[in-house]
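Dear colleague,

Please find below the structure that I am handing over to you, together with its sequence. My notes on what was found in it follow.

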Amino acid sequence: MTAARHTVFMVQRQARNLMREPIWIALLLIQPMVWLILYGQLFKNVTRLGGFGTTSYVTFLAPAIVVMNSFFGATWSGMAMVADLDRKFVERFLATPASRLSLVLSQIVRSALTAGLQALVILVVALALGVHVHTGALGWLVVVVVGMLVNSAFAGISQGLALLTRREATMITLANFIGLPLLFLSSTLLAQRQMPHWMRVAADFNPVNWGVKAARAVVLPGTDWSSVGVHLGYLVALCVVTAAFANWTFRAYRRSL
Amino acid sequence: MDAIVVEGLRKRYGDVQALDGVSFSVREGEIFGLLGPNGAGKSTTVRVLVTLTHPDEGRAVVAGHDVAREANAVRRTIGYIPQESGVDRYGTGRENLMLQGRVQGMHGRELRARVDELLELVGIADAADRVVQGYSGGMKRRLDIALGLVHRPRVLFLDEPTTGLDPEARVALWAEVARLAERETLTILLTTHYLEEADELADRLAIVSSGHVVVEGTPAGLKAELRGDAVTVELVDGQVDDARRVLAGADAPVEATLADGRTLVSRVADGGHAVPRIIAALGGAGIAVASVSVSRPSLDDVYLHYTGRDFATEDSGS
């Protein structure tokens, strides 16, 4: 209970600070639109290859952009932790009864909430571009939840690395190292059927692709709810594992003091 | 009752023995100073006492709670004002204080009132709703102090409270700390590498050097133990060994040679009478003297006496 309450306090603090950054808010909202419009135009004709489940590429793309954006955002989320460690903000709270778990969890929750907000923006822009979410309001909810889960799962890794290395450079390396490979090993931009066989197999083990599959299934007609459920389940499990990893690295950090 | 009891703390970081058997105790209600140069182990000692660092060996009790076994009880009783502030620069002063209070279990009207009171007390009420990034160094330090006091701790730890402040702000802060100690009925442990700070503020102090306490006592008591005056002789050339012999013969035995290689410090019963004698003796031996000065015992001399090293040189050298 204490952990939950303290997490709320810590998330409030981060949210308030971000709200003071108008440029950050503007970019937060504009960035996903850029993805959607840029990729939507670039690959517009690719649906002719078949296997996309729709002839509207932007409909195929929109839910995947939510996932991609969440994933990219998460790989950077450890930056805020490195800054808090550097500025001794974390240490100050270690000398108080503040819940240790909340100090890590709040970073992940903040990251996931940002991703959720961006997911909503993408869906609104997609709506304006003529995307119809087949399963309606429930579909919107699933897409937003998927965005938050994908973000949390990778944010846990990013936080863990931040605590292990305490260097911004590591975050940048991680973002570059896994960013594009995991994007291209998923059906974000292309139908899985159009991928080489080995990549199709690899994609099944890619958490980004789990998110894309679940989010896309509720947008396109012919939703397979059991597949949606399974992929959501995978993502939840991964979130628990990576959050536990982050918490473990935090313990190691405290022992090193 | 003792507010802080420290027994035989040892802590090693890699090749560095940061603490090598630190022991001392602090009585309830006093201001206690840990004095020593950078790297002597003061901050590490404080970090053990505020539950941030686990010692390899030894035991520490703060306000009746063991820092290892009852860490959370200790954390509720203490305020910690670290050397590097740890304040959220992108939040306002008030937001920082509210968050600190909340994790200490305070809430509602009580917390809001306490925050208002503290903002007044440390003199940053006008800047309370401004983002900390725009604060001056002195204002940030005042906010740090307020953060350490939100939950009305019984024991306050101040790690190098005036480092980085200009001399004026430093003196103002001393007055502040003394006033707070009075008003909030606090026990205060402060670390400093400014001798005059320890002299000004501390009821008692311990001199820390190379990871252990070399001497513990009141500033006045420590100075009184050094009978007589210090005579500092600066030679034109570095004939230190000859000068030592001459001074010993002139009833002014050399206590220490400073790192510059040409300055000697002797302890004599009466400086006024000793100076002509010393100059004559050195002159007779053909040793040229650049300057001679006499000083009443200061903490500087206490430090020199117990560690055999000059404080200023050692502090800047580390």
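**The interface of chains A and B**

Eleven residue pairs are in polar contact between chain A and chain B, both residues of each pair being at pLDDT 80 or more. On the side of chain A that touches chain B, the elements giving two or more residues are α1 (2-19), α5 (89-94) and α11 (225-256) of chain A. The most comes from α1(A), which gives seven residues to that side. Please bear in mind throughout that this is a predicted model.

In terms of contacts, 23 residues of chain A meet 30 residues of chain B. The two chains bury about 2400 Å² between them, and carbon and sulfur atoms give 53% of that area. Four salt bridges are found across the interface of chain A and chain B. In a salt bridge between Arg13(A) and Asp88(B), the closest N and O atoms are 2.8 Å apart.

**Chain B as a whole**

Chain B has 318 residues, of which 53% count as buried. Its secondary structure comprises twelve helices and 14 strands, and its C-alpha trace spans about 80 × 45 × 35 Å along the principal axes. The chain is divided into domain 1 (2-222) and domain 2 (227-296). Taken over C-alpha atoms, the centres of these two domains of chain B are 41 Å apart. Of the contacts in chain B between residues at least 6 apart in sequence, 70% join residues at least 24 apart.

**Nonpolar cores**

The largest nonpolar core contains 104 residues. Those with the most contacts inside this core are Leu36(A), Ile4(B), Phe24(B), Leu49(B), Val62(B), Phe157(B) and Leu189(B). Helix α3 (residues 57-75) of chain A contributes the most to this core, giving 13 residues. A second, separate core has 35 residues, among them Met106(B), Leu119(B), Ala127(B) and Ala128(B).

Apart from neighbours within four places in sequence, Val62(B) is in contact with Ala3(B), Leu49(B), Val67(B), Val74(B), Ile78(B), Val155(B) and Phe157(B).

**Loop residues of chain B**

Most residues other than glycine have a negative phi. Against that background, two residues deserve mention. Ala63(B) has a positive phi, near 50°, and lies in the loop between β4 (57-62) and β5 (65-66) of chain B. Ala63(B) counts as buried because its relative accessibility is 9%, the cut-off being under 20%.

Glu160(B) also has a positive phi, near 50°. Glu160(B) is placed in the loop between β7 (155-159) and α6 (167-183) of chain B. With a relative accessibility of 2%, Glu160(B) is likewise buried.

A further loop residue is Glu30(B), found between β2 (16-27) and β3 (31-35) of chain B. Is Glu30(B) buried or exposed? Its relative accessible area is 7%, and Glu30(B) is therefore buried. The side chain of Glu30(B) reaches the backbone nitrogen of Arg27(B) at 2.8 Å. Not counting residues up to four places away in sequence, Glu30(B) touches Ser25(B), Leu186(B), Thr187(B), Ile188(B), Asp203(B) and Arg204(B).

With kind regards

Conventions
Residues numbered from 1 in each chain as written. Chains lettered and ligands numbered in written order. Heavy atoms only, no water. Domains from an automatic or database assignment. Core = buried A, V, L, I, M, F, W, Y, C linked by side-chain atoms within 4.5 Å. Buried < 20%, exposed > 50% of the residue type's maximum accessible area, 1.4 Å probe, protein only. Helix = DSSP H or I, 4+ residues; strand = E, 2+ residues; numbered from the N terminus. Contact = heavy atoms within 4.5 Å. Buried area = accessible area lost by both parts, 1.4 Å probe. Salt bridge = Lys/Arg side-chain N within 4 Å of Asp/Glu carboxyl O. Polar contact = N/O pair within 3.5 Å; in protein donor to acceptor, adjacent residues only side chain to side chain.
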